[in-house]
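Please open the structure in a viewer and keep the selection tool at hand. The stops below are meant to be taken in order.

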Amino acid sequence: MSYRLPLGSAFEWVFNWLDDNADWIFEAIKVFIKSSISTLEDGLLLFPAPIMIVILVLIAWKLANRRIAAFALVSFMLILSMGLWEETMMTFALILIATLISLIIGIPLGIWSARSERMEAFLRPILDFMQTMPAFVYLIPAVMFFGMGRVSGIVATVIFAMPPAIRLTSLGIRQVPAEVVEAARAFGSTPNQILFKIQLPMALPTIMAGVNQCIMLSLSMVVIASMIGSGGLGGEVLRGITQFKIGLGFESGLAVVLLAIFLDRVTQYLGASKKLRNNGGV
Amino acid sequence: MECKIKVSNLYKIFGPTPEKVFALLEQGLSKNDIFAQTKHTIGVEDANFEVKTGQIFVIMGLSGSGKSTLLRCINRLIEPSRGTILIDGEDIVSMSEADLREIRRKKIGMVFQNFALFPHRTVIGNVEYGLEIRGTPPPERRKRALKALELVGLERWADSYPSNLSGGMQQRVGLARALAIDPDILLMDEAFSALDPLIRKEMQDELLNLQNKMHKTIVFITHDLDEALKIGDKIAIMRDGKIVQIGTPEEILTNPANSYVAEFVQDVDRSKVLTAGSIMKKPEALITPKDGPHVALRKMEEMGLSSVFVVGPDRRLQGLVTVDDVVNNLHKDLSDLIRTNVPRAYIDTPVKDLFQVASETKIPIAVVDRDGTLLGIVARVSILAAMAGGK
């Protein structure tokens with residue numbers, strides 16, 4: 001005979017309780033996410049694909065360089081020719097919303113944990129947990145609270161993708177040399193002035209690396225989240241697997257990869273500081 | 001001169017419960033014993049000093065002597081544990097955060113050892129910072145920042161980034177950043193220590209030049225005694241958190257308070273620091289033109305001198321007569337025998353400038369003020385004695 005700690009059932013109990021008693025919160029979140037993702041999707045699909053491709057290529061050119069713009073042109077044309085344009089834009093919208101929510105929550109938490117040892121100590125195990133827990137596990141509570149569909153997909157993605165945004169924001173701020181912060185104090189800066197004029201600008205490259213990581217993780221989660229019906233490219237991949245359509249699986253997988261490279265390169269250049277560019281670096 | 005900064009009974013004890021340590025200090029326990037018992041470190045122990053308006057006050061000590069801690073207490077970058085710091089009569093220690101910020105914004109500029117420039121801002125962005133955070137409108141702060149950059153000769157580099165500048169130039173930016181807010185007080189924390197020796201000397205000269213124009217009150221930290229002696233009007237020497245001596249460079253050199261200071265100053269090039277005023281003596285005998293040659297001769301005989309200075313009314317130096325001239329011309333008027341081309345020096349002439357003069361003449365050097373009043377004489381033997389470190 002062995003005694004088993006009822007961890008799993010305790011967890012279930014908590015979630016059932018939340019589901020019964022805090023339903024209105026989840027409902028509000030659901031409505032908010034749903035409407036924002038629909039709006040964004042509609043926006044991305046507002047223009048015909050060729051025009052959208054031109055816009056994306058111009059963005060790549062403006063933020064990064066000509067080579068990456070050329071890569072974007074070729075990749076998006078390829079995606080279009082594979083007939084996956086709409087799915088790609090859906091996935092794109094999903095990632096943008098998930099990343100945005102991750103950053104809106106993650107960056108302030110990162111700032112907080114950079115300024116308070118207590119917060120740092122409190123967050124660290126939670127972040128470890130969030131990052132190492134198998135991503136599939138998030139799908140269960142997400143579905144319980146938000147039902148099948150894109151909202152659950154986004155919630156699961158946010159939980160999975162947020163930790164690097166928090167960690168790298170905190171790290172970036174902590175890496176600002178103490179003497180520089182001291183100099184700012186010596187000139188009579190308020191704590192907010194130190195944060196916004198010194199710490200955040202100096203931490204920007206590291207924070208942007210966190211944003212980049214956040215986007216990449218979102219992208220990898222998108223395929224997994226397709227299992228709870230978030231659609232997009234992940235949905236196509238899933239269809240390829242379940243219906244044994246190797247070609248479709250490969251094509252949609254390739255589209256995910258191309259989208260990932262595009263987002264990665266463009267956001268990397270976003271992270272390189274103005275100073276480096278002025279010095280002719282990068 | 002009025003008192004700008006007055007520090008009284010200032011203590012800084014590092015550790016969670018400084019109150020406990022005061023009792024132990026009163027019992028006379030040493031720093032090491034207190035650390036062993038309580039794990040508290042004493043950064044500054046009972047510091048007392050005044051800095052007058054327009055003065056350069058140097059705090060000098062080796063690393064770990066508490067000098068940087070003491071400096072940071074002045075603008076409360078480090079919170080003092082006990083004591084008062086008055087700036088223009090206002091107590092910094094008991095001031096609210098908001099009032100303290102105002103003082104930092106308007107009265108105190110600070111320059112750091114490793115420059116501590118903001119790497120993400122241009123040179124002018126750095127210099128503007130102090131004005132920016134106190135809400136000066138952009139056109140005016142740019143104008144003032146450019147003026148500060150002109151003072152240090154870097155206006156051409158305004159739009160560069162600090163990383164493109166050499167160390168010496170970066171510290172000029174640091175200095176301009178502190179000057180841009182037009183503070184009364186400059187706190188300089190080993191400001192030139194990170195620079196190589198030639199650049200350091202250049203910066204010291206430049207600081208003294210600027211100080212001649214600006215008359216700021218400067219508290220300057222250094223571990224370099226030569227630097228302290230060169231730029232300091234007053235020097236405080238620190239050891240183990242305590243100020244062991246405060247004085248002018250000459251007082252420190254000629255009258256060290258204890259063996260620690262004495263050992264410290266023994267290798268200094270005294271000729272640069274000591275002045276004619278500090279080694280001159282009262283003339284043993286003086287005569288006036290009205291005295292006849294016989295009086296002059298008798299005075300020289302009495303004192304065993306081969307020459308004697310002649311002064312007019314108000315002790316104005318007229319020249320010198322030698323015993324040979326007097327003996328050979330006893331019937332002449334004394335005023336005909338005066339040699340007027342005697343070597344002269346001012347009270348603040350450095351001793352190093354006296355070497356040449358002393359080597360060319362056998363008679364003592366006359367120390368006079370700007371009106372020609374005789375203040376004292378420097379015998380050649382006094383110069384040698386001063387260089388040897390004796391008194």
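What is on screen is a predicted model.

**Stop 1: the interface**

Colour chain A and chain B separately, then select the residues of each that touch the other chain. On chain B there are 27 such residues, in contact with 20 residues of chain A. Between them the two chains bury about 2100 Å², with 59% of that area on carbon and sulfur atoms. Now pick out H120(B), Y129(B) and Y161(B). These residues supply 24% of the area that chain B buries against chain A, more than any other three residues.

**Stop 2: contacts across the interface**

Show side chains and select R72(B) together with E182(A). Their side chains form a salt bridge, with 2.6 Å from N to O. How many salt bridges does the rule find across the interface of chain B and chain A? There are two. Polar contacts across this interface join nine residue pairs.

Next, colour chain B by its helices and strands. Helix 4 (97-106), strand 6 (108-111), helix 5 (123-133) and helix 7 (167-180) of chain B each supply at least two residues of the side that touches chain A. Helix 5 of chain B gives the largest share of that side, four residues. Sorted by class, the side of chain B that touches chain A consists of 13 nonpolar, six polar and eight charged residues.

**Stop 3: helix 8 of chain B**

Select residues 197-214 of chain B, which make up helix 8. This helix has 18 residues and reaches 25 Å from its first C-alpha to its last, close to the 26 Å expected at 1.5 Å a residue.

Which residues of helix 8 of chain B are buried? They are M203(B), Q204(B), E206(B), L207(B), L210(B) and Q211(B). In an α-helix, residues three or four places apart point the same way, because there are 3.6 residues a turn. Show the surroundings of the buried residues: they pack against several elements of chain B, including strand 3 (56-60), helix 6 (138-151) and strand 7 (185-189).

**Stop 4: a loop residue**

Finish by selecting D224(B), in the loop between strand 8 and helix 9 of chain B. Leaving aside residues up to four places away in sequence, D224(B) touches M60(B) and R200(B). The side chains of D224(B) and R200(B) are joined by a polar contact of 3.2 Å.

Notes. Residues numbered from 1 in each chain as written. Chains lettered and ligands numbered in written order. Predicted model: local features only at pLDDT ≥ 70, side-chain atom pairs only at ≥ 80, totals over all residues. Heavy atoms only, no water. Contact = heavy atoms within 4.5 Å. Buried area = accessible area lost by both parts, 1.4 Å probe. Salt bridge = Lys/Arg side-chain N within 4 Å of Asp/Glu carboxyl O. Polar contact = N/O pair within 3.5 Å; in protein donor to acceptor, adjacent residues only side chain to side chain. Nonpolar A, V, L, I, M, F, W, Y, C, P; charged D, E, K, R; others polar. Expected span 1.5 Å × (residues − 1). Buried < 20%, exposed > 50% of the residue type's maximum accessible area, 1.4 Å probe, protein only.
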